[in-house]
Amino acid sequence: KRADKSAYILYKKETLRKEDLLDNFQRFSKTDKSRNIRANYPRSMQERGIMGFVLLNFDIDKDGNTKNIQVLEGKCGNMYSPFTSFDQCNSFNSSAKKYIKKVKYNPTKFDGKEIYSMNNKHRISYFLETWSCFVGI
């Protein structure tokens, strides 16, 4: 708890990573253009009302491109319920991989030089909006 508090005070971050303690290290970040890219919700899952998530592992090269994309986990279940038992599924995997291939990053830098960044994780969640209707008489 003390480390988290000091990370916020010293670095204005909620959590502290190992690389944050290295001088001259700058972690990768999404480019401004990539912030507007969204994963496509598979139509078949949307029509069936199924939600889920995919956890990906990937590398980022010196030019900010994603490489070696792997699905670590794909699950389906009600994303709104804390009581959901998520089941293994691969229905969102293809969409998640296509999404992360489109995303461009500002590469990781050390001493001002771009470096290859391995084993980065990203979770992509697929939510359906819930609609409620109230009709008064």
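**Exercise 1. Find which residue lies over the face of Phe-53, and at what distance from the ring centre.**

Solution. Arg-123 lies over the face of Phe-53, at 3.9 Å from the ring centre. The criterion for a charge over a ring is that NZ of Lys or CZ of Arg is within 6 Å of the ring centre and within 35 degrees of the ring normal.

Before you go on, a word on the model. It is a predicted model, in which local features need pLDDT of at least 70 and side-chain atom pairs count only at pLDDT 80 or more, while totals for chains, interfaces and linings use all residues. Residues are numbered from 1 along each chain as its sequence is written, and side-chain values use heavy atoms, with hydrogens and water left out.

**Exercise 2. Work out the strand order of the open sheet of 4 strands, and name its edge strands.**

Solution. Start with the terms: strands (E, at least two residues) and helices (H or I, at least four) are DSSP runs numbered from the N terminus, and two strands pair if DSSP finds at least two bridges between them.

Step 1. Take strand E3, residues 52-60. E3 pairs with strand E4 (residues 66-76) in the antiparallel sense, over 8 bridges. In this pairing Asp-59 stands opposite Lys-67.

Step 2. Turn to strand E9 (residues 117-126), which is antiparallel to E3 and joined to it by 8 bridges. Here Asn-57 has Lys-121 as its bridge partner, and Ile-60 stands opposite Ser-117.

Step 3. E5 and E9 are the edge strands, each pairing on one side only.

Step 4. Look at the hairpin of E3 and E4. It has 5 residues between the strands, and Gly-64 takes a positive phi near 90 degrees there.

Step 5. Check the burial of E3, where buried means under 20% relative accessible area, exposed over 50%, and partly exposed in between (1.4 Å probe, protein chains only). Because 8 of its 9 residues are buried, E3 is largely enclosed by the rest of the structure.

**Exercise 3. Describe the open sheet of 3 strands.**

Solution. The order is E1-E7-E8, again with antiparallel pairing. Strand E1 (25-26) and strand E8 (113-115) each have a single partner strand, so one side of each is left without a neighbour in the sheet. Between E7 (residues 108-110) and E8 there are 3 bridges, and Phe-110 stands opposite Lys-113 in E8.

**Exercise 4. Locate the disulfide and say which parts of the chain it ties together.**

Solution. Step 1. Searching the whole structure for cysteine sulfur atoms within 2.5 Å of each other gives 1 disulfide. It joins Cys-76 to Cys-89, with S to S at 1.9 Å.

Step 1. Cys-76 lies in strand E4, and Cys-89 in the loop between strand E5 (87-88) and helix H3 (93-102), so the pair ties together parts that are 13 residues apart in sequence.

Step 2. The torsion about the S-S bond is about 75 degrees, so the disulfide is right-handed.

Step 3. Both ends count as buried: Cys-76 has a relative accessible area of 11%, and Cys-89 is at 15%.

**Exercise 5. Classify the ring pair of Phe-28 and Tyr-105.**

Solution. Step 1. Rings of Phe, Tyr and Trp (its six-membered ring) pair if their centres lie within 6.5 Å; planes under 30 degrees apart are stacked, over 60 edge-to-face, and the rest tilted. The whole structure holds 7 aromatic pairs.

Step 1. For Phe-28 and Tyr-105, the centres are 5.4 Å apart and the planes at 90 degrees, so the pair is edge-to-face.

Step 2. Phe-28 is in the loop between E1 and E2, and Tyr-105 is in strand E6 (residues 105-106), 77 residues apart. Phe-28 and Tyr-105 are buried, and together with Phe-58 they form one aromatic cluster.

**Exercise 6. Is Ser-34 buried or exposed, and is Lys-101 buried or exposed?**

Solution. Step 1. Ser-34 belongs to the loop between strand E2 (29-30) and helix H2 (43-48). Ser-34 is buried because its relative accessible area is 2%.

Step 1. Its side chain makes a polar contact (N or O atoms within 3.5 Å; within protein, one able to donate a hydrogen and the other to accept it, with residues adjacent in sequence counted only if both atoms are side-chain atoms) with the side chain of Thr-31, at 3.1 Å. Setting aside neighbours within four places in sequence, Ser-34 is in contact (heavy atoms within 4.5 Å) with Lys-102, Val-103 and Lys-104.

Step 2. Lys-101, in helix H3, is exposed, with a relative accessible area of 57%. Not counting residues up to four places away in sequence, Lys-101 touches Thr-66 and Ile-69.
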